[in-house]
Amino acid sequence: IDPNGEGGGAKKDNKKKKKKKKGGGGGGDDKPAADSKVSARGKMVAERLRLQREEEERIKAEEEAEAKRIAEIEAAEEAERIRKEEEKERKKQKQREKIEKQKREGTYMTKAQKQKAALAQQRLEAMRAAGMEVPMIDKKKVVYGKKKGKKGEEEKPAPVETKEEPKEEEPEVEKPKEEPKEEPKEEPKEEPKEEEKPVEKEEKGEWDDESSGDEWDADSDSDVDDKFADLDSKLKEVSMNDSDDDEDLIEKEKRKKKEELRLLGLEREKREKAEAERMAKIRAEQAQLDKQEQLKAQKRDEGKKKRMEQEKANLAARTRDDLRCPIVVIMGHVDTGKTKLLDKIRKTNVQEGEAGGITQQIGATYFEKKTLEKQTAKLNETEKFDLNLPGMLVIDTPGHESFTNLRSRGSSLCDVAILVVDLMHGLEQQTIESLNMLRKRGTPFVVALNKVDRCYAWKTCADTPIRDALKEQPEGTVTEFRSRAMDAKIQLQEQGVNSNIYWEMGEDDWTNSDFVPLVPTSAVTGEGVQDILLLLCQIAQRKLWKQLMWCANLQCTVLEVKAIDGLGMTVDALVVNGYLREGDKAVFCTLDGPIVVEIRGLLTPPPSREMRVKSEYIHHKEIKGALGVKIIGNGLEKVMAGTPVMIVGENDEEEDIKAEVMSDLTDLQEKLSMDKMGVMVQASTLGALEALLQFLREETNPPIPVSAIGIGAVHKRDVTRISIMNEKGKPEFATILAFDVDINREAREHANEMGVRIFTADIIYHLFDQFTRYMEDLMEKRRQEAAAVAVFPSICRILPQHIFNQKDPIIVGIEVVEGILKIGTPLCVPALGGLHIGKVTSIESNGKEQETARKGSSVAVKITNESNPTLTYGRQFDASHSLYSTLTRASIDALKANFKDKLETEDWRLVVKLKKVFGIL
């Protein structure tokens, strides 16, 4: 990947737009206080609204669940009601069948008849109780019936009374009385009706008139007794069973219905009561939450008011006599010598310890005042500059494209910057990017024209001021230097920056804030290093003294989150203003919200050493800004780089501090959002992880999806976590990209067992190259497997003048009209009902064999047809028929999955055309 490519510029423009929209990212010193106020209040209101929305959604979800439950209960009740209705209907049907059976047997009686029979039975019982002879009643009844036939001629009024009886009862009376007598069915049905009432009436009269039982005894005989005894028992049986059944069924149904309704009403009432109680409880809880939220908001507002008043008082107390260290950031293109220049100032060698000599993290280095005085002593003999600064803090940012976020984070913190430009190459991609960042933030900067020692015939004058070194150079060398410096000035002017070599700048240039001084330097031999240090000190004291006045308000930003052996997860932070003390309650920003951590230790590297270099750390009880510090505490794993750190003081409200810390969380969450399917990325620090994620998603084509991330060494649990991609049918994503981290031995063994690949590299580009190579190999393997299924689309025309063999194998000359013809392509003639011609086994052009023939080429092809070897050119088909590739749904799917990049747009259009020809959906 060419780091000088055009992608960086476009990407940067996008980044600028994005940052403008989101309010400026990392919170530089020049950000107005009013904006941060509005931002904090806005965030507070947004958080409150979010909580209210979540609660409303929860209540709504509960109500929906309850409504669903009630609907289910009602559905169950409806099903039960239908079942009971069906049961009732079944019983009624059974009753009807029973009545029909009784009608057929002649034992059926209506309700009125049953009542009469029951009345008659009661009378019989009464007569028995009175000591009367009961059997005589039955005989009398029958006798009266017979008598009625004789008396009927004389007594006419009797039938008139019977007409009032309901007609439905007529046949029922007839059957029980006629059947025992075995009278013929043709007998008129009205006769018993006339009989029935007179019998009762005469029965009454007879018992009243005749007080003696002698007459009954005289007329009785055994046969009649038996008959009427049978009838009596039958009547009793019918009346007992039927009346009970009939009456019980209806009453039972009514009672059941009533009970069901009562139970349903009780259940509904119970449900409604429970629902009302639940809603009342929810409302009470909501009211309580609202009250608590209001109290919290009130406390937050009070705390914020107090904090703002204290901050105003602290700002008012600043003096010019108490300056803090200026924060200097070194920026520029990859390999321009940024870290090497810093090494020269520090007299260290960090550059050699970095993979490929490329800065992978932000490093912070503190220079004490005595170091600065010592380094600039020779130059200061002529300049006579009085140094009042307590020291200088220098941040080295990565130069290559992948670390835009780290460059941005560094430049948002700095007071003054060194833009390193390679004198030999002029302005390069990241140099322009860094220049734009600095101008956007309004940060003053100086340009170091590095690698001046590369000029032809340069005489080394180690660690001398640049003007003294130039005096020692031959005229040709000075001319070359002047020429190259002029080129750099022109390139800067093209970017809208006025510049000049710093000792040639007049007073007007110095007072003009748009004028940038150029300082020639050599990071290898040390020429010009004194000049750049003294120049930075002069700019800081003369131009930036207002913003360098030390303030008690804590201004601290997280640079890196890093795992250190023996210390666990630590936070590299930059304290710009204020104090950090051991034992303070510090509030950090994480993806899961703010966390409060007690500071267990504050470490700094020795002066003139960098935080990245492993050396004996110095423990501090208190840190005064500006200084780079390593914070030790519990639960720092999820702290986000680039976010502020705040301390909860005695008079501060914790909730207010938490809200303030979270207000600066901008686009970091978007960067760390995960895909469902993808590789796992493991990096040593969160900053490197962000850079790697951004690189994989934005600068690779196609983007590499990431499903899991981690910080620190790769362990067995990480391998298990990503091995699930094998089960999901995406074995290519069962991969861990480990950037600048160690691999646990157990993890390697487990990875071999689980089929997980681990790629490791110390340079981000190497990691990408490894994974890309692996994906290409995997894709090639899949293509070979799919080659037998995938069919490339083509339409060919037979050249009739080039027919070499008409029978199997058919050898003819063809012209590829459309698409791509490959060896192994099955050909057919759709015009002849899809006649299968055979498979292409060989393609030749000008006597040379080739794998493919593209549109417009004329080639000779050999076609074999194993299924129909008798197929002959000129008989079944000829030159008037075009040959088409035989496409199927499976072949198209295989093309899409494995050969998408091999087909051009017009080839895909041909696939769509052939789908219609072959009727493929």
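A residue is called buried when its relative accessible area is under 20%, exposed when it is over 50%, and partly exposed in between, with a 1.4 Å probe and protein chains only. This is a predicted model, in which local features need pLDDT of at least 70, side-chain atom pairs count only at pLDDT 80 or more, and totals for chains, interfaces and linings use all residues. Residues are numbered from 1 along each chain as its sequence is written, and side-chain values use heavy atoms, with hydrogens and water left out.

Helices are DSSP runs of H or I with at least four residues, numbered from the N terminus, and the expected span of a helix is 1.5 Å times one less than its number of residues.

| Helix | Residues | Number of residues | End-to-end C-alpha distance | Expected span |
|---|---|---|---|---|
| H14 | 429-441 | 13 residues | 19 Å | 18 Å |

In H14, the buried residues include Gln429, Thr431, Leu435, Met437 and Arg441, and just after this helix Gly442 takes a positive phi of about 70 degrees.

In H3, the buried residues are Gln113, Lys114, Ala117, Gln121, Leu124 and Met127. Seen down the axis of H3, these buried residues fall within an arc of 140 degrees, so they line one face of the helix, the arc being that of the directions from the helix axis to the C-beta atoms. On the other side of H3, Lys111, Gln115, Gln122 and Ala129 are exposed. Just after H3, Gly131 has a positive phi of about 90 degrees.

Methods:
Helix = DSSP H or I, 4+ residues; strand = E, 2+ residues; numbered from the N terminus.
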